Amino acid sequence: MEEVSTFLPDSDIERITEIRRGTGNKNKYQLQCEVLRSMSIPFTTSRLGRPLVPRSVYEKSQPIKQAAWRPNVLSAAQ
């Protein structure tokens, strides 16, 4: 059975921030932290500066798709 991490993996953070490498005098992690702050996504950093986004925060922010409600009266008429 695969163990689920408390934090999102690097690949997910890269997908969310759309940052895969550093530019200029900033490394990838510094740029990702800036983007996460601008998106108001809570995170903490590791001792190396890597952004750590709790999985629970990101999963709660995803909208839940619900089927459109339709009254039974209209369903019975067809």
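This is a predicted model: local features need pLDDT of at least 70, side-chain atom pairs count only at pLDDT 80 or more; totals for chains, interfaces and linings use all residues.
**Ground rules.** I count residues from 1 along each chain as its sequence is written, and I work on side chains with heavy atoms, leaving out hydrogens and water.

**Entry 1: Tyr29.** I looked up Tyr29 and found it in helix H2, residues 28-38. Helices here are DSSP runs of H or I with at least four residues, strands are runs of E with at least two, and both are numbered from the N terminus. I noted Tyr29 as partly exposed, because its relative accessible area is 23%; buried is under 20%, exposed is over 50%, and partly exposed is in between, with a 1.4 Å probe and protein chains only. Which residues does Tyr29 contact, leaving aside neighbours within four places in sequence? I found Asp10, Leu48, Gly49, Arg50 and Pro51, with contact meaning heavy atoms within 4.5 Å. I also checked the start of H2, where a side-chain oxygen of Asn27 comes to within 3.0 Å of the backbone nitrogen of Tyr29.

**Entry 2: H1 against H2.** Next I turned to helix H1, residues 10-17, which packs on H2 at an angle of about 55° with the axes 10 Å apart. That angle makes H1 oblique to H2. For the record, under 35 degrees is roughly parallel, over 145 roughly antiparallel, 65 to 115 roughly perpendicular, and the rest oblique. The axes are lines fitted to C-alpha atoms, for helices over the stretch in contact, and the angles run from 0 to 180 degrees between N-to-C directions. Which residues make the contact? From H1 I listed Asp10, Ile13, Glu14, Ile16 and Thr17, and from H2 Lys28, Tyr29, Gln32, Val35 and Leu36. By class I have five nonpolar, two polar and three charged residues in this contact. The classes put Ala, Val, Leu, Ile, Met, Phe, Trp, Tyr, Cys and Pro as nonpolar, Asp, Glu, Lys and Arg as charged, and the others, Gly among them, as polar.

**Entry 3: the buried residues of H2.** I listed Lys28, Leu31, Gln32, Cys33 and Leu36 as buried in H2. Their cover includes H1, strand S1 (44-45) and strand S2 (51-52).

**Entry 4: Glu14.** Back in H1, I looked at Glu14. Is Glu14 buried or exposed? It counts as buried, because its relative accessibility is 18%. Beyond four places in sequence, Glu14 touches Ile19, Arg20, Lys28 and Gln32. I put its C-alpha atom at 9.6 Å from that of Tyr29, 15 residues apart along the chain.

**Entry 5: two positive phi values.** Most residues other than glycine have a negative phi, so I made a note of two here. Glu18, in the loop between H1 and H2, has a positive phi near 60°. Glu18 counts as exposed, because its relative accessibility is 65%. Ser40, in the loop between H2 and S1, has a positive phi of about 60° although it is not a glycine. I marked Ser40 as exposed, because its relative accessible area is 62%.

**Entry 6: Arg55.** Last, I went to Arg55 in helix H3, residues 55-61. A polar atom of the Arg55 side chain lies 3.0 Å from the backbone oxygen of Ser5. Not counting residues up to four places away in sequence, Arg55 touches Val4, Ser5, Thr6, Phe7, Leu8 and Pro9.

Conventions
A polar contact is a pair of N or O atoms within 3.5 Å; within protein, one must be able to donate a hydrogen and the other to accept it, and residues adjacent in sequence count only if both atoms are side-chain atoms.
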